[in-house]
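Please read it alongside the sequence and the coordinates.

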Amino acid sequence: MPRRPPVRLLALLMSLLLTACAAYQAQHTPPRAVNAGPEDVAATLEAIAPAGDFTALGDEAQVSRIKGEVEQAKASLASKGQYSCCVRPACSQCLLKYGHCHCREAVKKDGPCCGECTEAWIEGKGAVEGVTAWDILEKKRKILEEANKPH
Ligand SMILES: [Zn+2]
Ligand SMILES: [Zn+2]
């Protein structure tokens, strides 16, 4: 049986090198790996919100930054009970228009949700137990009827 120590030595070196690399990366790479899922919001934001002066960013990067900030603002408002949307993922219209969202309560009672949410309900993204897209559309129809009533 021929002995082959060089190969084993090489393998050992390789594995040492890889371990060292992994350890180095773990300590020195600032943008964390994104673990898919809503629980890792911070990492997701790091990934989609490019750093740097806003005006110096290209169009695509500016949009990414804004999207990241919109998500951040929604998450922050939600933690304070100020963003409770009726669809998943939550709308952005209420954030930009009102600075808060209470669609969820609104659709449970007799109120309407925002236009973005109406669209999302039609696409099957509604997220309120006992409410259907038809209920949402029926509310909108009533609003339209009210608005067109002769007075
Ligand atoms: Zn909503
Ligand atoms: Zn909304």
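**Notes on the predicted model**

1. Of the 151 residues in the protein, 15% are buried (20 or more other C-beta atoms within 10 Å of the residue's own; exposed means 12 or fewer, partly exposed in between; C-beta atoms are placed from the backbone). This is a predicted model, in which local features need pLDDT of at least 70 and side-chain atom pairs count only at pLDDT 80 or more, while totals for chains, interfaces and linings use all residues. Residues are numbered from 1 along each chain as its sequence is written, and chains are lettered from A and ligands numbered from 1 in the order in which they are written.

2. The protein has seven helices and zero strands (DSSP runs numbered from the N terminus: H or I of at least four residues for helices, E of at least two for strands). Along the sequence the pattern is α-α-α-α-α-α-α. Among contacts with a separation of 6 or more, 27% join residues 24 or more positions apart; a contact is a pair of C-beta atoms, placed from the backbone, within 7 Å.

3. The largest nonpolar core has 18 residues (buried Ala, Val, Leu, Ile, Met, Phe, Trp, Tyr and Cys joined through C-beta atoms within 7 Å). The members that touch the most others are C85, C86, V87, C91, C101, C103 and C117. Helix 4 (93–97), helix 5 (103–108) and helix 6 each supply at least two residues of this core, and helix 6 gives the largest share, three residues.

4. C101, leaving aside neighbours within four places in sequence, is in contact with Y83, S84, C85, A90, C91, C94 and L95.

5. E116 is found in helix 6 (residues 115–122). E116 counts as buried because 20 other C-beta atoms lie within 10 Å. Beyond neighbours within four places in sequence, E116 is in contact with C91, S92 and Q93. E116 and V87 are 29 residues apart in sequence and 9.4 Å apart in space, C-alpha to C-alpha.

6. Helix 7 (residues 133–148) has 16 residues and spans 23 Å from first C-alpha to last, close to the expected 22 Å (1.5 Å times one less than the number of residues). Helix 7 is hardly covered, with one buried residue among its 16.

7. How do helix 6 and helix 7 pack? Their axes come within 9 Å and cross at roughly 140 degrees (lines fitted to C-alpha atoms over the stretch in contact, with angles from 0 to 180 degrees between N-to-C directions). That makes helix 6 oblique to helix 7 (angles under 35 degrees are roughly parallel, over 145 roughly antiparallel, 65 to 115 roughly perpendicular, the rest oblique). T118, W121 and I122 in helix 6 meet A133, I136 and K140 in helix 7.

Conventions. Contact = placed C-beta atoms within 7 Å.
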